[in-house]
Amino acid sequence: MPACCGRRWARIRAYPERCSNLSQIEIDRNPKGQKIPGKVAFVATLLLPILGAACLVMPEPVAEHLPHLLGGVMLFVGTADIVTDILERNSNPGKITVGTDVVMIVLGIVTLLNTHESLNVIAVMWGLLGLEDAAAEIDESLKAHAAGHKWIAPLASGIFELVLGTMLLLAPIANLGHHVLLLGLELVVYPFHVANHEEQPSA
């Protein structure tokens, strides 16, 4: 085979490897291969971006019932996740997140009980949750950069979460529409994260 054809064939063979080295957006829960509790937890997780989309489309009507809607969703998400983690703890020990689930349940209860200052409480809670997500994404990008993997996408996601979480903490509550729109964005992006899938080298 001529040398030029050999180089071209090598590039063609390497193309699938480069394509597999891409960052992908994933949701925290994946229904594939899950039993009924895992599927219920997946549906529960989807309620957060659905409520977030409602905040973006009709912020004022949603704001009137936001403490009850969001508090109930958070309580349901945390309960579904913790039940799934307990029932399926032996199938994937590395994915146990009981501590995070308990926090979500507690925050849901606080949201339901604290109705007088509910929007302020919700803003602070989700601002801090957003900053926590931002920290995880930035750490992921630094690890990916150190390993020679794709790191720009998780860094961009982390910066976006950092700005959004900060704005939720600083946004004036008097501007109700602006405030609910920021919360809606946070709810939409919260369950998702950027992951790198690197193809393992063949022996």
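Let's start with helix α3 (residues 59–87) and helix α4 (residues 98–113), whose axes come within 8 Å and cross at roughly 155 degrees. This is a predicted model, where local features need pLDDT of at least 70 and side-chain atom pairs count only at pLDDT 80 or more, while totals for chains, interfaces and linings use all residues. Residues are numbered from 1 along each chain as its sequence is written, and side-chain values use heavy atoms, leaving out hydrogens and water.

The axes are lines fitted to C-alpha atoms over the stretch in contact, with angles from 0 to 180 degrees between N-to-C directions. Angles over 145 degrees count as roughly antiparallel, and α3 and α4 are therefore roughly antiparallel to each other.

Who touches whom? In α3, the residues in contact (heavy atoms within 4.5 Å) include P67, H68, G71 and M74, and their partners in α4 include V98, D101, V102 and M104. The residues of this contact split into eleven nonpolar, seven polar and three charged; Ala, Val, Leu, Ile, Met, Phe, Trp, Tyr, Cys and Pro count as nonpolar, Asp, Glu, Lys and Arg as charged, and the others, Gly among them, as polar.

Now zoom out. The protein chain has seven helices and two strands, which are DSSP runs numbered from the N terminus (helices H or I, at least four residues; strands E, at least two). Along the sequence they follow the pattern α-β-α-α-α-α-α-α-β. Among contacts with a separation of 6 or more, 72% are between residues 24 or more positions apart.

Definitions and conventions
Angles under 35 degrees count as roughly parallel, over 145 as roughly antiparallel, 65 to 115 as roughly perpendicular and the rest as oblique.
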